[in-house]
Amino acid sequence: MATTQQQKYQSFKALHENENAFVMPNPWDAGSAIILEQTGFNALATTSAGYAFGAGQRDSSGVVTRADILANAGAVVQATSLPVSADLEDGFGLAPDICHETISLAIQVGLVGGSIEDASSDADTPILPLDIAVERIKAAASAAHGQPFMLTARAENYLWDKPDLADTIRRLQAFDQAGADVLYAPGLDNLDDIRTLCAAVDKPVNVVMGLQNALFSVAQLAEVGVKRISVGGSFARAAYGALIRAATEVIEHGTFTYARDAIPDHDINQMMSAEKRASRT
């Protein structure tokens with residue numbers, strides 16, 4: 001596998017150009033990144049939600065800082081030979097120049113991709129006006145231009161109870177024109193809507209699984225035109241769910257049968273070993 005940032009970028013770009021859809025899971029720390037690489041995935045993306053939970057914080061705008069997110073992303077980059085993209089939330093500031101700076105800093109920590117969303121962090125008007133959102137993507141794209149970095153632009157309507165497919169498509173088309181490399185509308189849970197969206201844009205489309213009850217397969221998503229599939233914070237939530245079930249068993253029943261499903265100590269030590277990780281490079 002690729003080891004330099006430029007090689008990782010080329011590998012990441014090739015995944016988006018391949019005729020098949022690919023899954024890009026979301027580790028929340030270095031250890032989960034190593035496990036996902038050893039499992040066989042070819043690219044990773046950080047999750048701000050998963051990181052927040054691990055840091056004992058809510059998944060909420062403004063709770064975790066840009067420095068926190070980039071430090072976590074840098075640890076993931078250092079732990080794996082895979083291309084790593086990052087959830088960069090709203091760019092950590094409204095002004096376009098802040099989005100530009102965020103992308104520049106992301107490139108400096110070794111990331112080869114990252115997303116900027118159009119959410120406003122204002123509960124009364126949760127989605128930014130389109131003209132402002134476009135200027136932010138333009139600024140982010142200017143920072144990524146000529147660099148080993150793929151910019152993902154996110155239209156957040158469906159995560160904020162605004163299931164407006166026409167407006168979501170209009171936003172993604174505008175983000176495409178503004179310089180985004182990948183387009184993403186998290187929260188869509190209807191295959192026909194996803195098909196319509198994919199057909200309406202010219203750039204690769206990312207969808208997220210694990211957020212809602214829509215449990216489409218990779219094959220189903222590929223058939224409607226999806227190129228990239230992420231899991232958001234759902235792998236982290238699955239891990240914490242297992243922890244809660246184990247703890248509840250001990251508290252409520254005084255038994256330890258959860259250990260039957262725990263990964264053996266030998267196996268996880270092998271996954272974390274430098275020699276094992278080197279075999280993937």
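**Basis.** I worked with a predicted model in which local features need pLDDT of at least 70 and side-chain atom pairs count only at pLDDT 80 or more, while totals for chains, interfaces and linings use all residues. Residues are numbered from 1 along each chain as its sequence is written, and side-chain values use heavy atoms, with hydrogens and water left out.

**Helix H2.** I located H2 at residues 30-39; helices (H or I, at least four residues) and strands (E, at least two) are DSSP runs numbered from the N terminus. At its start, I found a side-chain oxygen of Asp 29 within 3.4 Å of the backbone nitrogen of Gly 31. Within H2, I noted Ser 32, Ala 33, Ile 34, Leu 36, Glu 37 and Gln 38 as buried (under 20% relative accessible area, 1.4 Å probe, protein chains only). Just after the helix, I read a positive phi of about 125 degrees at Gly 40.

**Strand S4.** I then turned to residues 113-117, where 5 of 5 residues are buried. Gly 113, Ser 115 and Glu 117 point one way, and Gly 114 and Ile 116 the other way.

**Neighbours of S4.** I counted pairing by DSSP, which must find at least two bridges between two strands. S3 (residues 84-87) runs parallel to S4 and is joined to it by 3 bridges; Asp 87 has Ser 115 as its bridge partner. S5 (residues 150-154) is also parallel to S4, with 5 bridges, and Leu 151 stands opposite Gly 114.

Definitions and conventions. Buried < 20%, exposed > 50% of the residue type's maximum accessible area, 1.4 Å probe, protein only. Polar contact = N/O pair within 3.5 Å; in protein donor to acceptor, adjacent residues only side chain to side chain.
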